[in-house]
Amino acid sequence: MRQAQLWTNDFLPLIVTSPSGAGKTTLVRRLVEALADMTVSVSYTTRLPRGNEVDGRDYHFISEARFAEMLSQDAFAEWAEVHGHRYGTSVAKIEEARETHRGMIFVIDVQGARQIKARIHEAVGVFILPPSLHELERRLRGRGTDSDATIFKRMSNALGEMQHYGAFEYVVINDDLDEAAAELVSIVKAERARRWRRGRAVEGVMQGRDVARAAAPRDGQPRS
Ligand code: ADP
Ligand code: 5GP
């Protein structure tokens with residue numbers, strides 16, 4: 001894998017990881033509704049689309065051969081095999097997002113989270129926990145997208161995945177959805193206020209500029 005420093009400054013790379021069914025997709029959707037200047041990384045995967053999934057919106061659905069080709073071109077910032085399929089995050093899409101957004105959210109598994117952390121030191125990790133294993137199973141069944149065999153596989157992986165929560169800066173327990181979503185938004189706001197992410201703003205104020213305007217959301221527009 002290419003080891004170039006994918007660098008940031010006031011750009012926030014946010015990793016969101018959880019066992020399947022704990023609610024990361026739902027929570028991330030809430031997060032981008034609240035903060036439109038954050039964008040979600042659309043991963044590449046070799047798995048087939050589920051019922052209502054759309055190519056290019058939920059994932060880029062590609063063949064094994066195309067995935068192997070992208071790997072050989074160092075096109076992935078991280079990649080992993082999860083539940084028997086390959087998933088990867090595009091380096092080029094991160095570089096694009098740095099120009100247009102104030103942060104990018106990576107909804108990836110524990111293996112991918114470790115790779116992003118090793119490569120982008122400014123990345124912040126949030127681990128989402130279900131309130132109980134019983135509730136996790138209830139949500140997986142309620143989602144109605146997975147077969148019994150898939151649910152069994154996901155439940156048996158869940159405990160192993162949870163053991164890695166120590167590699168993340170934050171843990172959000174997704175019991176009440178509104179509360180968990182508000183917590184996630186607070187984490188982003190707190191991370192944005194870190195001194196080293198505010199260097200450019202402090203300089204601006206000292207030079208007599210209006211930094212409030214510079215920090216306004218610019219969804220889809222190049223940042224100045
Ligand atoms: P993940 O992306 O982690 O696999 P999803 O976001 O798809 O999980 O959520 C799994 C299921 O649980 C979905 O049907 C979703 O609507 C539901 N869900 C998510 N968060 C909550 C919550 N706090 N309370 C009840 N149901 C939830
Ligand atoms: P699903 O198939 O249910 O959408 O996702 C299965 C698992 O793959 C989830 O844990 C999800 O976070 C993870 N995943 C999705 N995209 C990526 C990716 O690009 N990289 C890695 N490492 N994991 C991913």
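1. A polar contact is a pair of N or O atoms within 3.5 Å; within protein, one must be able to donate a hydrogen and the other to accept it, and residues adjacent in sequence count only if both atoms are side-chain atoms. By this criterion, a polar side-chain atom of Thr26 lies 2.6 Å from an oxygen atom of ligand 1.

2. This is a predicted model, in which local features need pLDDT of at least 70 and side-chain atom pairs count only at pLDDT 80 or more, while totals for chains, interfaces and linings use all residues. Residues are numbered from 1 along each chain as its sequence is written, chains are lettered from A and ligands numbered from 1 in the order in which they are written, and side-chain values use heavy atoms, with hydrogens and water left out.

3. A backbone N or O atom of Gly21 is 2.7 Å from an oxygen atom of ligand 1. The side chain of Arg139 places an N or O atom 3.3 Å from a nitrogen atom of ligand 1. The protein buries 77% of the 560 Å² that ligand 1 exposes when taken alone (areas by the Shrake-Rupley method with a 1.4 Å probe).

4. Ligand 2 is surrounded by 17 residues, of which Ser43, Arg47, Arg50, Tyr59 and Tyr87 are the closest. A polar side-chain atom of Tyr59 lies 2.5 Å from an oxygen atom of ligand 2. For Arg47, a polar side-chain atom is 2.7 Å from an oxygen atom of this ligand. For Arg50, an N or O atom of the side chain is likewise 2.7 Å from a ligand 2 oxygen. Of the 510 Å² of accessible area that ligand 2 has on its own, the protein covers 95%. Strands β5 (76–82) and β6 (85–90) each supply at least two residues of the shell.

5. The structure holds 17 salt bridges (a side-chain nitrogen of Lys or Arg within 4 Å of a carboxyl oxygen of Asp or Glu). One of them pairs Asp10 with Arg200, with the closest N and O atoms 3.8 Å apart. This pair links distant parts of the chain, 190 residues apart: Asp10 is in the segment before β1 (12–17), and Arg200 is in helix α8 (residues 199–206).

Definitions and conventions
A residue is near a molecule or strand if one of its heavy atoms lies within 4 Å of it. Helices (H or I, at least four residues) and strands (E, at least two) are DSSP runs, numbered from the N terminus.
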